[in-house]
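Dear colleague,

I am passing on to you the structure we spoke of, and I would be glad if you could look through it before reading my notes below.

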Amino acid sequence: MPELSVVVIAQDSEQRAVLQVLVDGTSVARVVHTCTSYPVVVTDPVLRRVQSAAPQVVLVDVPTDNYTLALRAIELIHQEVRDAVIFAVGSMSQPQVIVSAMRSGAREFIERPTTTTDLLEAFVRLTAAQRKVDREGPRGKVFTVVNAKGGSGATTTAVNLALALHSAHGNVALVDIAPLGHAALHMNLKPQFTVADAIRNLHRLDSSLLESFMTRHSGGLQLLAGANTPLVVEPATAEFARLFDLLVGHFRYVVVDASTRVDATTRLVCNLSETVLLVAHADVASLWSANRIQQYLGETGGRERVRLVLNRFRKIAGFSESDAEAAAGAKLLWKIPNQYFAVSGAIDRGVPLMQQAYSEMGRSFAGLAAALTENDIEVKRKAWSLFKTV
Ligand SMILES: Nc1ncnc2c1ncn2[C@@H]1O[C@H](COP(=O)(O)OP(=O)(O)OP(=O)(O)O)[C@@H](O)[C@H]1O
Ligand SMILES: [Mg+2]
């Protein structure tokens, strides 16, 4: 993720200083200029200074008591600094101010007191959206697998989905960010390095160094292994943002096993994902948990990308799929059959189900991979038929 340049406008000196520290703390953005007053007319020298700083983001502090000037500034900057996007920072207790700020041209309204994570997530949303518009180079897609509840089958899903995607398309990475990483065990791999090593070396990380931290499975799938002991100090969320930026620049698909990890890092990775697979069982406790987690992940936007995966699925009289969707608050993406002996045997032997030809489970995961890449294949098919008719 290239560093974003930011201009901070705040009349209050303390708020200005806080915002500057928070922006720089995200390590994906840097304050290039600060303004102590709001521009009010087109000829305002403050406006000229903002223009000459050529920022990608202008952060405008909206004071609770005197917001009119700030709203006018947002309108003016929106008109006159065309290439910049505006983030307003203010209190959530004044809905009319939020609406006015958005109408005046603010792209985001960030709650005060603000945190580095709030800003980081807003910056990540912005870069992800711009990438879609720019169609900047070929970037990989991220699919994140999260458990509704411990033991729901996130690791089984992530490992087999990654293998299925790899056999269909090649160039796939599996990244294990679970509190205690089990993916290597599922594939009988003995990694020398983990995600933590890649993050420790972020300052010099390029594609080849990144690959040297990964462990290759026999078929070619690359695993960035998870922690083999609970970590006392977790890497900062911003560091994960940079790591994933590298990963999507290098791999066609990145599958993430978050398992039971539900924190700011998981939410950030979910924000970067094309689809979030929320793995649950079709029972009340599991679907209740799925609902809570879906709410948490969706708090920062992108609720529609969280999709329900029902694992160990079997038909229950009087309980329909739409009941499950309503309870979880997410649309159903896939159902995985209940095959205890096949699944637990595969884990114990370290031979994933996808490697076992013609199994029902293998077909299920291949189908899931196909559903997730449906549109990508469509694009390929179109290109192919065009080529044929020339
Ligand atoms: N489709 C399935 N059918 C039957 N049993 C399954 C299925 N999927 C998973 N299991 C069982 O559930 C157990 C947990 O699976 P897995 O390790 O994939 O879950 P997890 O959600 O990643 O767990 P954790 O919360 O520890 O991260 C497995 O040992 C396996 O026995
Ligand atoms: Mg797991």
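**Around ligand 1**

In this predicted model, ligand 1 is surrounded by 21 residues, of which the closest are Gly-153, Thr-155, Thr-156, Ser-259 and Ser-344. Helix 6 (154-169), strand 12 (306-313) and helix 14 (340-349) are the elements that each contribute two or more residues to this shell, and helix 14 contributes the most, with 4 residues. Sorted by class, the shell around ligand 1 holds 14 polar residues and 6 nonpolar ones, together with 1 charged residue.

**The two domains**

The domain assignment divides the protein into domain 1, covering 4-134, and domain 2, covering 141-387. Their centres, taken over C-alpha atoms, are separated by 35 Å, and where the two domains meet, 9 residues of domain 1 are in contact with 10 residues of domain 2. On the side of domain 1 that touches domain 2, there are 4 nonpolar, 3 polar and 2 charged residues.

One of the pairings to look for is that of Ile-9, whose bridge partner in strand 2 is Cys-35.

With best wishes

Notes. Residues numbered from 1 in each chain as written. Chains lettered and ligands numbered in written order. Predicted model: local features only at pLDDT ≥ 70, side-chain atom pairs only at ≥ 80, totals over all residues. Pairing = 2+ DSSP bridges. Domains from an automatic or database assignment. Contact = placed C-beta atoms within 7 Å. Nonpolar A, V, L, I, M, F, W, Y, C, P; charged D, E, K, R; others polar. Near = placed C-beta within 6 Å.
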